[in-house]
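Have the sequence and the 3D view open as you read.

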Amino acid sequence: MAMKGYTWLLLLMISETQLLMCFGRSIPAELATAKYAIVFDAGSSKTKLQIFKIDMNSPPLDVADIEELDPTPERVTPGIATLAGDPSKVESYMMPLLTAARNVIPQEAQESTQVYFFATAGMRLLPPKQRRAIIAKVKELLKDKSKCPFEFYSKNAQVISGEFEGIYAWITVNFLKGNFVPGIPKQTSGILDLGGASHQNAFNNPTNETISLTLGGREFHLFARTYLGYGMDEAHRRYLRVISKMQASNVLKSPCHHKGDRKTFRL
């Protein structure tokens, strides 16, 4: 199975059923079937819709047991944090993705399909009051069964910390590499995650930990750090602000851009 891009596989294991599978324990017979999960990855430049079909019949959970589906559209731009001035636009912003999810997931499975909304650094840059206003509108929309027929719990819509964003990325990479298969101890890989508004790193380090996890019967001690404002887009804006102070003109000349490259930016 081909997994496209950066995925939040940990979020598919949050529920008790999926954790049982991940850890190689038995699951009730009535739950041993295919399930679906929806993840809204709300980054600084876009909100991406990811839909996964999970084979519940063969614990422990393996990469081959997860299929990533292809909704259309699969993303909306710009990032949801741009709605800080008018959170009432959250519904119109999100509805194309919710409609895409309804078109992909079989109707008989929608009621039992859990939906997660996790926002990252773009939202972390906002003042707390603005963050809360946007998340409140997201929860209001996802609780409305006429617009969102999926299974939604209020705790599943939040702005996650940069440290946990790094931990989720670490779990994703090592899950995809098969490093959590019980009985097959493998050396894990660290991650460097460069986003639009922040940068994260995480690796297994028993001598300097921030969190302990047990996956596949093994205990891991993770060191994780986040650097808000050091993502690619934010670093680019900061660079442009610096050269704008050095040039008394609305047209900036940058030695770090390709010759002939012309773009309009709002600083």
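This is a predicted model: local features need pLDDT of at least 70, side-chain atom pairs count only at pLDDT 80 or more; totals for chains, interfaces and linings use all residues.

## A glutamate in a loop

Start with Glu-151, which sits in the loop linking helix H5 (128-143) to strand E6 (157-159).

Now look at who is around it. Setting aside neighbours within four places in sequence, Glu-151 is in contact with Lys-145 and with a run of others: Gln-110, Glu-111, Ser-112, Thr-113, Gln-114 and Val-115. Take Val-115: it is 36 residues away from Glu-151 in sequence, yet their C-alpha atoms are 6.2 Å apart in space. The side chain of Glu-151 also makes a polar contact with the side chain of Tyr-153, at 2.4 Å.

## A strand with two partners

Next, find strand E8 (residues 198-204). It is largely enclosed by the rest of the structure, because 5 of its 7 residues are buried.

On one hand, E8 pairs with strand E7 (residues 191-194) in the antiparallel sense, over 4 bridges. A hairpin of 3 residues joins E7 to E8, and Leu-194 stands opposite His-199 in E8. On the other hand, E8 pairs with strand E10 (residues 218-228), again antiparallel, over 7 bridges. Here Phe-203 faces Phe-223 in E10.

## The largest pocket

Last stop: the largest pocket, which holds about 500 Å³ of space. Which residues lie nearest its centre? They are Val-251, Leu-252, Lys-253, Lys-263 and Phe-265, out of 19 lining residues. By class, that lining has 6 nonpolar, 8 polar and 5 charged residues.

Terms used: Residues are numbered from 1 along each chain as its sequence is written. Side-chain values use heavy atoms; hydrogens and water are left out. Helices (H or I, at least four residues) and strands (E, at least two) are DSSP runs, numbered from the N terminus. Contact means heavy atoms within 4.5 Å. A polar contact is a pair of N or O atoms within 3.5 Å; within protein, one must be able to donate a hydrogen and the other to accept it, and residues adjacent in sequence count only if both atoms are side-chain atoms. On a 1 Å grid over the protein atoms alone, a cavity is a set of points where a 1.4 Å probe fits but cannot get out, and a pocket is an open set with protein on both sides within 12 Å along at least five of seven lines; lining residues have an atom within 4 Å of a point. Grid points are joined across faces, edges and corners, and a volume is the space filled by probe spheres set on the points. Ala, Val, Leu, Ile, Met, Phe, Trp, Tyr, Cys and Pro count as nonpolar, Asp, Glu, Lys and Arg as charged, and the others, Gly among them, as polar. Buried means under 20% relative accessible area, exposed over 50%, partly exposed in between (1.4 Å probe, protein chains only). Two strands pair if DSSP finds at least two bridges between them.
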